[in-house]
Amino acid sequence: MKFDDILIHVGEFGSYQRRMYVLVCIPAIFTAIQTMVPVFILDIPKHRCAISPNDTFNIQGESHARLVNASIPYVKEGGEFTLSSCLLYKSPMNDSAASNDTETCSRWVFDTSDFQTNVITEFNIVCDKRILRTHSNMALFAGSLVGAFAMGFLSDLIGRKITFFISVGLQAISAIVTPFSPNIYVFIVIRVVNALSSTSLFMIAFVLGLEMVGPSKRVLAGVGVQLFWSVGIFLLVAIAYAIRNWKTLQLVISVPSVLMFGFWWLIPESPRWLMSRGRKAEAESIIQKAAKTNGVELPADMFAQLTFDEGDQGKFTQLFTSRVIRHRTLVIFFNWFVVNIVYYGLGLNVQNLSGDIYLNYTISSAVETMSYVACVLLLDRVGRKLLHCTSMFVGGLACVAVLFPVIYLAPSWVTILLSMIGKFGASAAFAIIYVFSAELLPTVVRNSGVGASSTCGKIGGMLSPYIADLGLLIGGDLKVALPLIVFGGLSVAAGGLSLILPETLNTTLPETVEDAKVFGQSTSGTKYNMKSSDKTASGDIQLNCVQRNKHV
């Protein structure tokens with residue numbers, strides 16, 4: 001008897017599991033907040049060179065306006081002439097020795113209508129230093145990549161629970177000390193530590209909960225956690241709207257994470273991990289408690305029959321030994337890469353859209369939540385392949401279509417609408433790819449295949465800030481459109497390539513490399529109705545998937 005057989009007896013998603021599931025999904029809220037807070041604290045407000053120590057961005061009167069116009073040249077941006085953000089005349093134009101020669105300024109004044117202060121205004125990350133903002137966002141994803149590997153290994157070595165609380169400590173400390181960064185370089189280093197701990201916190205906590213959920217409920221549980229992520233991004237915009245000082249904002253969103261230390265008395269160690277380490281008595285105690293909470297009485301000899309066998313594991317290189325598997329593997333890797341680029345890139349690109357940043361972010365969050373609900377409702381009805389391809393195509397084409405309102409000077413809301421359609425498609429694809437890709441990989445190389453896919457996704461995440469900020473680097477009429485066009489082109493390409501992948505819904509999933517070679521080539525004998533016992537394979541896939549990776 002295997003561990004999943006016991007879970008079926010205990011209750012696949014009984015009262016005990018539901019309570020555990022909610023508890024371990026709470027870290028997703030904190031992870032979402034810490035991941036997406038750069039949208040606000042790293043937003044670049046309108047700014048220009050300061051012409052005096054007491055200068056303000058808003059014009060204070062007619063004499064102030066004349067002095068500004070005489071000191072700062074006008075440049076063309078987006079079809080309009082505006083005051084330069086980075087240049088000053090060497091001599092004011094009202095000076096008798098005035099010339100058109102300009103120089104880069106060293107002091108700036110910022111528009112405070114959206115933010116009283118943020119990291120950009122604190123450290124003057126504008127003009128020739130603005131690439132540091134992109135580096136800072138990239139550092140978050142680099143930390144995430146390190147956290148997924150290092151802390152994942154540690155959780156397998158010393159246990160889920162201890163590693164969980166190490167992550168809580170690292171996240172709380174790094175988040176709370178962030179406002180005290182003396183310069184942008186220290187800020188970036190702290191953000192790396194925060195991303196590392198946030199990723200591992202979410203991953204380990206979610207695995208703790210999912211390892212107690214029965215196999216037929218894991219796909220639903222895996223997608224459902226995205227809704228907790230949505231709670232986090234909605235909380236973030238509400239708090240950010242109320243608190244416009246970045247240091248206060250960072251403290252307010254960070255201090256509550258200390259409360260997760262109270263989970264020590266609520267969350268047990270994973271019984272599945274205890275079994276893998278031969279600690280059967282401890283595992284049995286936890287399972288008996290779950291059965292009692294669920295109102296189930298277990299047979300006395302059940303644990304005597306329990307075995308823990310993870311099965312034979314193949315080599316990662318077997319994914320490239322056959323032309324069919326090799327092509328599918330490369331398509332899966334590319335889709336993970338693109339989904340992460342587009343999802344996080346569009347999230348960060350909210351900063352670069354016209355209009356109110358808080359309204360844009362709220363709309364983006366609502367669109368993302370709707371996409372997760374749609375996935376929960378449609379994933380087991382429409383199928384993985386059709387839903388994924390449709391999401392990638394619709395989202396990608398909407399982003400590419402942004403070129404037309406730019407060419408024809410359409411109202412800014414058209415660009416925002418198309419961007420939000422792109423966000424819907426990217427968010428849906430982000431949720432689907434975890435289930436779809438893992439089901440395509442044969443059991444014997446699933447862990448290594450999912451791990452490699454996750455790495456491709458993390459690399460995509462690291463590149464996303466640079467694409468999102470392409471417009472800032474080139475300026476001009478394509479400032480808003482260019483990032484969206486790149487995101488859209490990548491989405492359409494990935495969606496088109498995914499058409500060669502077979503559908504996995506209601507099919508006998510591949511166990512061996514030989515199974516994978518013929519999987520999807522013939523429907524004869526592969527379709528079946530998924531009964532509770534048949535869903536074990538799909539549930540195990542979802543468990544293996546989240547053990548390897550998750551948000552950020």
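Predicted model: local features only at pLDDT ≥ 70, side-chain atom pairs only at ≥ 80, totals over all residues.

Modeller: Start with C49. C49 is buried, because its relative accessible area is 0% and buried means under 20%. Its partner is C105, and the two form a disulfide. Their sulfur atoms lie 2.0 Å apart. That falls within the 2.5 Å cut-off for a disulfide. About the S-S bond the angle is -70°, and the link of C49 and C105 is left-handed. Now place the two ends. C49 is in strand β1, residues 47-49, while C105 is in the loop between β5 (102-104) and β6 (108-110), so the bond ties together parts that are 56 residues apart in sequence. C105 is buried too, with a relative accessible area of 6%.

Next comes the other pair. C86 and C127 form a disulfide, again with sulfur atoms 2.0 Å apart. This link is left-handed as well, with -100° about the S-S bond. Here both ends are in loops. C86 lies in the loop between β3 (80-83) and β4 (87-89), and C127 in the loop between α5 (119-123) and α6 (131-158), so this pair ties together parts that are 41 residues apart in sequence. C127 is buried, at 10% relative accessible area.

Number the bonded cysteines in sequence order and the pairing reads 1-3, 2-4.

Two further cysteines deserve a glance. C375 is buried, with a relative accessible area of 1%. C456 has 19% relative accessibility, so C456 still counts as buried, the limit being under 20%.

Technical notes
Residues numbered from 1 in each chain as written. Heavy atoms only, no water. Helix = DSSP H or I, 4+ residues; strand = E, 2+ residues; numbered from the N terminus. Buried < 20%, exposed > 50% of the residue type's maximum accessible area, 1.4 Å probe, protein only.
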